[in-house]
Amino acid sequence: MTLDPAMGDVIIAEQLKQFLLVLSVSLGVATLPQIFSWLRRIPYTLLLVIVGLGLAFVNVRLVNLSPELILVIFLPPLLFEAAWNLKWSNLQRDLLPICLYAVIGVVISIAGVALALHQFAGLELSIALLVGASLSATDPVSVTALFRELGASKRLTTLMEGESLFNDGMAVVAFGLLVALPLGNAKLDLQSALLEFCQVVGIGMAVGGLSGFGISYLTQRFDLPLVEQSLTLVSAYSTYLITEHLGGSGVIGVVTTALILGNFGSRIGMNPRTRIIVTEFWEFLAFFVNSIVFLLIGDQIRFAVLGDNLTTIAVTIAAMIVARAVSIYSLSSLSNWLAKSEILLSEQTVLTWGGLRGSVSIALALSVPVILPHREEIIATVFGVVLFTLLVQGLTIQPLLEKLQLLGSQPLRQKYTEAIARQVALQRALEYLETSQKRPGIQPEFYRYQKTLLSGEITLLQEKIDKLLDEYPNLLEFTTAELRGELLAIEADTYAEFVRAGRLNKELSPFLQTIYDRAIEDE
């Protein structure tokens, strides 16, 4: 059966309209915190979910959310952006606890949820295992964004992001192994499951490694920021598709590629300015994709179906939280004992409560075969749990950070930096005024008035800065580190100019990147 070309054009036009509608609503939501200041306390992604819920409540459906759309189009850029920005030095320091959370933690999560649903909700064990596998992937996008905004420790962010990157792959692999059980196509054999797991992960790491190192050495041959930026985008999607075609984990493949490019390829093949361009591109793409995904998550909720499965959802939420607490506290203690990780109890509490579920869980639930009789119950349960984690856990993570005294000094630093920036801007305006006083047509009274006005504002700002430094002596260290970072960045840019001019060997790129990384770490 062939599709009528005219009908095809109509379908494409309708899909484009739906996409533009989703994009318009998403960007409209982004402006709300600027209009209503009290909305700034709500993370942007959670605000999108709330707006999506409002649309679902009045039965306005923006677009049908398919698992293929999330996994193939949305998931690769989200994974790539997170892994690209994850420093290997930070990841290496906490590699043991991250691996424990991502591997053993996923097993504990699946087992805990499955046993609870089997015992207390009466679900078949094979169906309960599918629900557990769908909900074993954490999605802390909102939490980590809040961490950065509030100035929480970089280590806490690394632990949460690192776990999420690796357990996404583990969850997808586990789901693929378990989905055949209720269909009667496979039996729960530990040996064969481990063999298939190693095969899927191995293929993902192999393809990701080849892609990452191949592009890293390729970018050594030229210095074209737009081409290098495009190559990273192509690598994210091509690695995912090729790995999945070969029977491996596309998630593991994309994460491996991004880690290599972010920590190795950018050192040997990109100058500091190119890396900044690529990083900003991926920040935009992640914002763009998240804006669509989280809005659609809320918009896809079916309140009637949720109401019919409240008991199952409640049991799942309780089991998931308990399993998460058991895995985090026990595995953190094991890591502290084996590797002296020194993960504080307060940090473990935040990791436990911050284990939100999101797009990956929903995509896995939607990919359950249609022939399964319990498919609708699985989807409703997963949607209900995801909704709980995003709205309840996501909106209470900031008070928890405040209660445990884990907030950094980011708001104070921002206030101090704004005062410094304002002072520098006014000082430059005053210097320009000095050079313009003899310009024809400028009245002496106007010149004196402007000079007095600018000088007065500069004095007031200096008093404000001095007061901040007196009240918060730690700002002196921040000021010193900031200046050191600026000096190192200027040094790196100067070397890069010599490289681009052909006056220095391009093999100095790793040295330039080291200087740039030192500048970033000092910020």
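Is Lys340 buried or exposed? Lys340 is exposed, with a relative accessible area of 60%. Here, buried means under 20% relative accessible area, exposed over 50%, and partly exposed in between (1.4 Å probe, protein chains only).

This is a predicted model: local features need pLDDT of at least 70, side-chain atom pairs count only at pLDDT 80 or more, and totals for chains, interfaces and linings use all residues. Residues are numbered from 1 along each chain as its sequence is written, and side-chain values use heavy atoms, with hydrogens and water left out.

## The whole chain

The chain has 21 helices and zero strands. Both are DSSP runs, numbered from the N terminus: helices are H or I with at least four residues, strands are E with at least two. The chain holds 523 residues, and 48% of them are buried. Its accessible surface comes to about 25,700 Å². Carbon and sulfur atoms account for 64% of that surface. Such areas come from the Shrake-Rupley method with a 1.4 Å probe; for residues, only the protein chains shown count as cover.

Now the contacts, meaning heavy atoms within 4.5 Å. Take those between residues at least 6 apart in sequence: 82% join residues at least 24 apart.

## A loop with positive phi

Lys340 sits in the loop between helix 14 (310-339) and helix 15 (345-353). Glu342 belongs to the loop between helix 14 and helix 15. Glu342 is exposed, with a relative accessible area of 60%. Most residues other than glycine have a negative phi. Lys340, however, has a positive phi, near 50 degrees. For Glu342, phi is positive too, near 55 degrees.

## A buried valine

Val143 is part of helix 7 (residues 141-150). What is its relative accessible area? The value for Val143 is 1%, so Val143 is buried. Leaving aside neighbours within four places in sequence, Val143 touches Met160, Gly354, Leu356 and Ile397.

## Salt bridges

A salt bridge is a side-chain nitrogen of Lys or Arg within 4 Å of a carboxyl oxygen of Asp or Glu. By this rule the count is seven. The table shows some of them.

| Pair | N to O distance |
|---|---|
| Asp94 and Arg155 | 2.7 Å |
| Glu376 and Arg375 | 3.8 Å |
| Glu434 and Lys451 | 3.5 Å |

Asp94 and Arg155 form one of these bridges. Asp94 lies in the loop between helix 4 (88-93) and helix 5 (95-120), and Arg155 in helix 8 (residues 154-178), so the pair ties together parts 61 residues apart in sequence. Both Asp94 and Arg155 are buried. Arg93, Asp94 and Arg155 are linked in a network of salt bridges.

Arg375, which bridges to Glu376, is buried, with a relative accessible area of 16%.

Glu434 and Lys451 also meet in a salt bridge. This pair links distant parts of the chain: Glu434 is in helix 18 (residues 410-436) and Lys451 in helix 19, 17 residues apart. Glu434 is partly exposed at 32% relative accessibility, and Lys451 is partly exposed at 32%.
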